[in-house]
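Subject: Handing over the structure

Hello,

Here is the structure I promised to pass on to you. Please open it first, and then read my notes below it.

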Amino acid sequence: MQNKGLITVFALLFGMVSLYQLSFTFIATSVENDAKEYAKSAYPDTEPKERARAEINYLDSVATVEKFLGIDYKTAKEKELKRGLDLKGGINVILQVSVKDILSGLANDSKNGAFTQALQGADQLQKQEQETYLESFFTAFEALPGDNRLASPEIFFNKNLEGQIESNFTNDQVKSVLERKIDEAIESAFEVLRKRIDKFGVTQPNLQRLGNSGRILVELPGAKDVERVTKLVQQTAQLEFWDVVKSEDIVPFILEADKKLSEILTPKEEETEGEAVTDTTETTTDAIDELLGGEEVEDSSSDTASPITSLITAEQASNPGIFSFRLKDTATVNSYLRMPQVRALLSSDLRYTKFVWSRPELNETLGEEITGLYALKGNRDDKAPLSGGVITDAQQSYTPAGEVSVTMQMNGTGAKIWEDMTEYAYGNQSQIAVVLDDIVYSAPGVNSGKISGGRSEISGDFSITEGQDLANVLRAGKLPASADIIQAEVVGPTLGQEAIRSGLLSFMIALGLVLIWMIFYYGKAGAFADVALVVNILFILGILLSFQAVLTLPGIAGIVLTIGISVDANVLIFERIREELAKGKSQRDSIKDGFNNALSSILDANITTGLTGLILLVFGTGPIKGFAVTLLAGICTSLFTAIFITRLFVDGYTKNGKPLTCSTALTKNLFKNVNIDFLRKRKIAYVISGILIATSLGSLFTVGLNQGIDFVGGRTYTVRFDKDVNSTEIQNDMIAVFGSAEAKTYGGDNQLKITTKFKVDETGSEVDREIENMLFEGLKPNLPDGMTYEEFIADDEAKEAGRMEYYKVSPTIADDIKKSSFWAVLGSLVVVFLYILLRFRRWQFSLGAVAAVFHDVLLVLGIFSLTYKIMPFNMEIDQSFIAAILTVIGYSLNDTVVVFDRIREFFNDHPGWKMNRIINSALNSTLSRTLNTSLTTLIVLLTIFILGAESIRGLIFALIVGVLVGTYSSLFIATPVFYDTVKKRGIDLTDKKDEEDEEVGK
């Protein structure tokens, strides 16, 4: 092998980088374990909120303390391996921003008949087509009879779109403007959400726009308060304009407040050290406390002689307000300023003053976030003089001097109030604060007198990004769109910890069994493959960390499945080396030819599996993407470690003539001189497969499949009890409550998965709360005595009973998931057909491969249809099942392609052989590899199936069935179909007209 030195250096560097990346996870996990132990020693299990608060306080106190190689906890936490909700617990929602509402708002709520009919038509098209709402609207509008124009004064040629749509615009011209405006509106909604999440400080949040569909994915790992999160993501953006109280008018109050607080706090400190801070912080309603279950940060830096001013930082925020403070101190300052004794110090003209904060920003000198305190001129009703609803447009632009600015346009009502506000600010030399969700985004002064007409320009020391953000914020104030939660998932931390334990246990045992098997079967060569396998896993984790990928439970399954893929490559190599040795070649030549001859099969097999993985990545969502990412990463690293790392060890061991037989005393003669006439048995196989397929189709058409809520919509609750329960009795109770429901044992006998379609078409937090209350009341007789509703839905790490997990899918997104799944499966078949056609140059090869894949998919579907009612685990057809089907397709093709590759090789090496001999010889020569790979993969899958988490048991069962039928079809379906097609058409791949053995097939 050439370039050994380069490959060795690359492997060492890659390994060192991977270990370095993993060190962040080890450090973060170690510190968090210490925090848990500290919290456990400080508070009993009966005080979960206090324990959680103590844990947060501990982590805050050691955040910047160096732990290893200069790495502190804060840095390690930012760079650790991200865990998905199924491993960490938390909340995941998909929001649908209503494009219909945006269109209505842009059209000034037009009652035009054509516009109204087009909206209704779009609603109907959305139930059938997988296109955006805007595309459906255009289609419906064009289908209306008559000459209907979007630029009509009754539709989009209006004040809202003045200067953007003219009366002479064609429908196509209006479409381009609407596409831009819709995109801006959705981007504004996205930015509002992002700022809210950032403000509340959720650890490692994930927000994504899902294409152009108007959907936004929000993942909040570790979030516990479902109601708070629901309110967070669904509430309407509150954009307001307030007059700012001048610093010289409010600073005297701050100084007086300091004196009063000193009087209040000092006596309490003399009685009990630290009591004052605890008492005041407990009264706060800071949003991060509510979101994360009440965690509060103790203030250790405040001085009781000057409690507020001692917290002021010399480093100023870009929006400094009165003073700048560290973000972590804002809760303490809020609690002080809310005290009745402190508020009483405000003068009569300032008694309604409202205190808010500017947008937090990272200060590099302090190494933490700071923010500015603002005082707004309030009123008795706490109502802003001007709301964001008056804004008709806002854009990032530039001043004549080339500086970044933001221009905004208001409607007539807003323009009049804005004129009064700017006149007051100019005369008083004060500012006007732009406030979104109680956060000050900008506080410009007025330098040219009152502003008439409603058009203004805000300039300042903006970057382009900051200007665009402010424009988004201003546009959000007029956003007429509602945002409905169409898919939601809540996973309690208890289930997350259990998933991690079971995932790691199954992973380690599966890995151990495979390592032992490789040494048992291939001896020292197997040991070299084992080292390469461990290196492969290290590389996978390094790649995941480098790309900040999120590890999910299906992702762990993908890594474990990668073990099978990696083993397969080594098995192919070792089997080829054994074949070359059996031909009498020297060991050096056998190793060289073994690696070279196996390369084609390894590449073909991995490319076909990789293609299905790519389709999963494109069409999948959430955890399924995690499965696809780890599968694809595993394919790449498996190729590298098998082809290069194993080769390094093999060459290094044999360079001095040491023998390497790639077998042991027990296995050296296994599958040697096997001569099975597979083609003679093909008709029997056809009959068996025909019966199985007919049975499967019959069951699919009569019994059907147990479609999960991913495909039909609904709500699913995982509920754990403190004793074993009867699922049938619970199901009857739930039917009495909801009218229709299903309850199945999920894991142990004390845990059920309860599904209902009750009010499936209704969204909103009130409906969710109503259904959860009904669930609680229906289950109350079986729950622990005295359990309250709050305890039932709480998400504490020590929780032993109650609602452990919640999942909701609306029918709208369920239809889209079903369509995406169909296209994913169909697309994978088409892609694979084309790849094999391109690779083998004969459509008969493609036909045989696709026939085998169809065979495998139908049998897996049939087994699920026949057995889902009797199996003791969940066999719903959901996104995970589709991932399994696509993996089965890849695995089946993997086997088939290896055989086809050997047929092609034998055809070139033995041009005088007849077709039946070529095919039978190819099947026999690959039999050892086929069974070996299938066995190791089954060992891995069975380990996960037995020891892994309940949530992926159905996925793993589908893979087990797929491996079994895939192995069978590669031997008895794919190649025989190829053979019969070639024979029937009179094609002889040997390019000879020799008569085929007439005995074959008789």
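What is the order of the strands in the open sheet of eight strands? The order is E5-E6-E4-E18-E23-E20-E22-E21, and the pairing is antiparallel. Before going on, a word on the basis: this is a predicted model, in which local features need pLDDT of at least 70, side-chain atom pairs count only at pLDDT 80 or more, and totals for chains, interfaces and linings use all residues. Residues are numbered from 1 along each chain as its sequence is written, and side-chain values use heavy atoms, with hydrogens and water left out.

**The sheet**

Strands (E, at least two residues) and helices (H or I, at least four) are DSSP runs, numbered from the N terminus, and two strands pair if DSSP finds at least two bridges between them. Strand E5 (206-210) and strand E21 (742-746) are at the edges with a single partner strand each, so one side of each has no neighbour in the sheet. From one strand to the next, the twist averages 20°. Strand E20 (residues 714-720) and strand E23 (residues 802-809) run antiparallel and are joined by seven bridges; Thr 716 has Tyr 807 in E23 as its bridge partner. Across E21 and strand E22 (748-756) lies helix H24 (residues 727-738), running at about 150° to E21. For such angles, axes are lines fitted to C-alpha atoms, for helices over the stretch in contact, and angles run from 0 to 180 degrees between N-to-C directions.

**Aromatic pairs**

The whole structure holds 33 aromatic pairs. Rings of Phe, Tyr and Trp (its six-membered ring) pair if their centres lie within 6.5 Å; planes under 30 degrees apart are stacked, over 60 edge-to-face, and the rest tilted. Phe 241 and Trp 418 are edge-to-face, because their ring centres are 5.4 Å apart and their planes stand at 70°. This pair links distant parts of the chain, with Phe 241 in strand E7 (residues 239-243) and Trp 418 in helix H15 (residues 412-428), 177 residues apart. Both Phe 241 and Trp 418 are buried (under 20% relative accessible area; exposed is over 50% and partly exposed in between, with a 1.4 Å probe and protein chains only).

Phe 539 and Phe 640 make a tilted pair, 6.0 Å centre to centre with 45° between the planes. Phe 539 is buried at a relative accessible area of 1%, and Phe 640 is buried at 15%. Together with Phe 10, Phe 14 and Phe 644, they form one aromatic cluster.

**The cores**

A nonpolar core is a set of buried Ala, Val, Leu, Ile, Met, Phe, Trp, Tyr and Cys residues joined through side-chain atoms within 4.5 Å. The largest has 134 residues, and among those touching the most other members are Ile 563, Phe 574 and Phe 881. Helix H32 (residues 953-984) gives this core its largest share, 17 residues. A second, separate core has 68 residues, including Ile 102 and Phe 137.

Terms used. Contact = heavy atoms within 4.5 Å.
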